[in-house]
Amino acid sequence: MESTMPSEQPLLTIAIPTYMRAEYLKKNLAQLKRLGHGLWDELELLISDNASPDTTELVVMEAIADGLPIRM
């Protein structure tokens, strides 16, 4: 799993714990993308998933491909 993390320590980490909430996570990440536009050099997202059997991992991988700095 590849990440788009900045090379230096981020100023702010936003942690999102989740389990079986792929659709809510997708909406949350879309909103964070709009709000964090231009600030991703200083921010990171930390997604903690407790092995959800739904599409959570796919949602996260799509968000990483879309440029969000996500760490899992």
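Visitor: Why is Met20 called partly exposed?
Guide: The model is a predicted one, in which local features need pLDDT of at least 70 and side-chain atom pairs count only at pLDDT 80 or more, while totals for chains, interfaces and linings use all residues. Residues are numbered from 1 along each chain as its sequence is written, and side-chain values use heavy atoms, with hydrogens and water left out. The relative accessible area of Met20 is 37%; buried means under 20%, exposed over 50%, and partly exposed in between, with a 1.4 Å probe and protein chains only. Met20 is therefore partly exposed.

Visitor: Where does Met20 lie, and what is its phi?
Guide: Met20 belongs to the loop between β1 (12-18) and α1. Helices (H or I, at least four residues) and strands (E, at least two) are DSSP runs, numbered from the N terminus. Its phi is positive, about 60°, although Met20 is not a glycine. Most residues other than glycine have a negative phi.

Visitor: What is the phi of Ala51, and why is Ala51 called exposed?
Guide: Ala51 has a positive phi, near 60°, and is likewise a residue other than glycine. Ala51 sits in the loop between β2 and α2. Its relative accessibility is 64%, so Ala51 counts as exposed.

Visitor: How many helices and strands does the protein have, and in which pattern do they follow?
Guide: There are two helices and three strands. Along the sequence they give β-α-β-α-β.

Visitor: What makes the radius of gyration agree with that of a compact globule?
Guide: The radius is taken over C-alpha atoms, and the globule rule is 2.2 Å times the number of residues to the power 0.38. For 72 residues a compact globule would have a radius near 11 Å, and the protein has 11 Å, so the two agree. The C-alpha trace spans about 30 × 20 × 20 Å along its principal axes.

Visitor: Which residues have the most contacts inside the largest nonpolar core?
Guide: They are Leu25, Leu29, Leu45, Ile47, Leu68 and Ile70, in a core of 15 residues. At least two residues of this core come from each of α1 (22-35), β2 (43-49) and α2 (56-65). A nonpolar core is a set of buried Ala, Val, Leu, Ile, Met, Phe, Trp, Tyr and Cys residues joined through side-chain atoms within 4.5 Å.

Visitor: Why is Leu29 called buried, and with which residues is it in contact?
Guide: Leu29, in helix α1, has a relative accessible area of 3%, and is therefore buried. Contact means heavy atoms within 4.5 Å. Leaving aside neighbours within four places in sequence, Leu29 meets this criterion with Ile16, Leu45, Ile47, Val59, Ala63, Leu68 and Ile70. From Leu29 to Leu45, 16 residues apart in sequence, the C-alpha to C-alpha distance is 9.1 Å.

Visitor: Why is Thr56 called buried?
Guide: Thr56 has a relative accessible area of 0%, so it is buried. Thr56 is placed in helix α2. Not counting residues up to four places away in sequence, Thr56 touches Thr18, Arg21, Ala22, Leu25 and Asp49.

Visitor: Why is Ile14 called partly exposed, whereas Pro17 is called exposed?
Guide: Ile14 has 23% relative accessibility and therefore counts as partly exposed, whereas Pro17 has 64% and so counts as exposed. Ile14 is in strand β1, and Pro17 is also placed in strand β1. The C-alpha atoms of Ile14 and Ile47, 33 residues apart along the chain, are separated by 8.5 Å. For Pro17 and Asn50, 33 residues apart along the chain, the C-alpha separation is 8.2 Å. Beyond neighbours within four places in sequence, Ile14 is in contact with Leu32, Glu44, Leu45 and Leu46.

Visitor: Why is Asp66 called partly exposed?
Guide: Asp66 has a relative accessible area of 48%, so it is partly exposed. The residue is found in the loop between α2 and β3 (70-71). Asp66 and Ala30 are 36 residues apart in sequence, with 9.9 Å between their C-alpha atoms.

Visitor: What share of the residues is buried, and what share of the contacts joins residues 24 or more positions apart?
Guide: Buried residues make up 31% of the 72 residues. Among contacts with a separation of 6 or more, 79% join residues 24 or more positions apart.
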